[in-house]
Amino acid sequence: QVQLVESGGGLVQAGGSLRLSCAASGRTFSTSTMGWFRRVPGKERELVAAIGWSGGVDYADSVKGRFTISRDNAKNTCYLQMNSLKPEDTAVYYCAADDRGLVRTTPRYWGQGTQVTVSS
């Protein structure tokens, strides 16, 4: 079992930055693939970024060059640094984890979500 708790969301002006954190409990964090998703009301949840256990990363086209995903296995924590935020980044952001390598499609574990609001 892995429990995920996100923090760091909030209200920021366009062009600003936020860093989301995802604290994980459980013994499989270091071998789990981690991901950040977001959901806007009325739309499908979308994958924003993912990071493998060895550090390989990939991003949605909409956030490339602005967002950075990272992980600290010693702290069992995954981060999403969000820079140059835009109003269209407004969403609930969810941390996800999977120990089968399926975080991009069917994550086994989810956090409760944290609201990010970007004002224009």
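**Charges and rings in a predicted model**

Okay, let's start with a salt bridge: the side chains of D58 and R104 meet in one, at 2.7 Å from N to O. By salt bridge I mean a side-chain nitrogen of Lys or Arg within 4 Å of a carboxyl oxygen of Asp or Glu. This pair links distant parts of the chain, with D58 in strand β6 (residues 57–59) and R104 in the loop between β9 and β10, 46 residues apart. Strands here are DSSP runs of E, at least two residues, numbered from the N terminus.

Before I go on, a word on the model. It's predicted, so local features need pLDDT of at least 70 and side-chain atom pairs count only at pLDDT 80 or more, while totals for chains, interfaces and linings use all residues. Residues are numbered from 1 along each chain as its sequence is written, and side-chain values use heavy atoms, with hydrogens and water left out.

Back to our pair. D58 is partly exposed, with a relative accessible area of 28%, and R104 also counts as partly exposed, at 35%. For these words, buried is under 20% relative accessible area, exposed is over 50%, and partly exposed is in between, using a 1.4 Å probe and protein chains only.

How many salt bridges does the count come to? Seven, by this rule. Another one joins D98 and R100, whose closest N and O atoms are 2.5 Å apart. Here D98 is buried, at 0% relative accessibility, while R100 is partly exposed at 41%. Salt bridges that share partners also join R38, E46, R66 and D89 into one network. Within it, the side chains of R38 and E46 meet at 2.6 Å, N to O. R38 is buried at 6%, and E46 is partly exposed at 32%.

Now for a charge without a bridge. E6, in strand β1 (residues 3–7), is buried yet has no salt bridge. Which side chain of opposite charge is nearest to E6? That's R45, 8.0 Å away. For charges, Lys and Arg count as positive and Asp and Glu as negative; His and the chain ends are not counted. What the E6 side chain does have is backbone nitrogens around its polar atoms: the one of Q112 lies 3.0 Å from a polar atom, and the one of G113 lies 2.9 Å from a polar atom. E6 also touches, among others, W36, Y93 and Y94, where contact means heavy atoms within 4.5 Å.

Y94 takes us to the rings. The count comes to two aromatic pairs. In one, the rings of Y94 and W110 have centres 6.4 Å apart and planes at 90°, so the pair is edge-to-face. The rule is that rings of Phe, Tyr and Trp (its six-membered ring) pair if their centres lie within 6.5 Å; planes under 30 degrees apart are stacked, over 60 edge-to-face, and the rest tilted. Y94 sits in strand β9 (residues 91–98) and W110 in strand β10 (residues 109–110), so the pair ties together parts 16 residues apart in sequence. Y94 is buried at 15%; W110 is partly exposed at 32%. Ring pairs link F37, Y94 and W110 into a cluster.

And R45 shows up again: its charged end sits over the ring of W110, 3.8 Å from the centre. That label needs NZ of Lys or CZ of Arg within 6 Å of the ring centre and within 35 degrees of the ring normal. R71 likewise lies over the face of F29, at 4.8 Å from the ring centre.

Definitions and conventions
Helices (H or I, at least four residues) and strands (E, at least two) are DSSP runs, numbered from the N terminus. A polar contact is a pair of N or O atoms within 3.5 Å; within protein, one must be able to donate a hydrogen and the other to accept it, and residues adjacent in sequence count only if both atoms are side-chain atoms. Lists of a residue's contacts leave out its neighbours within four places in sequence.
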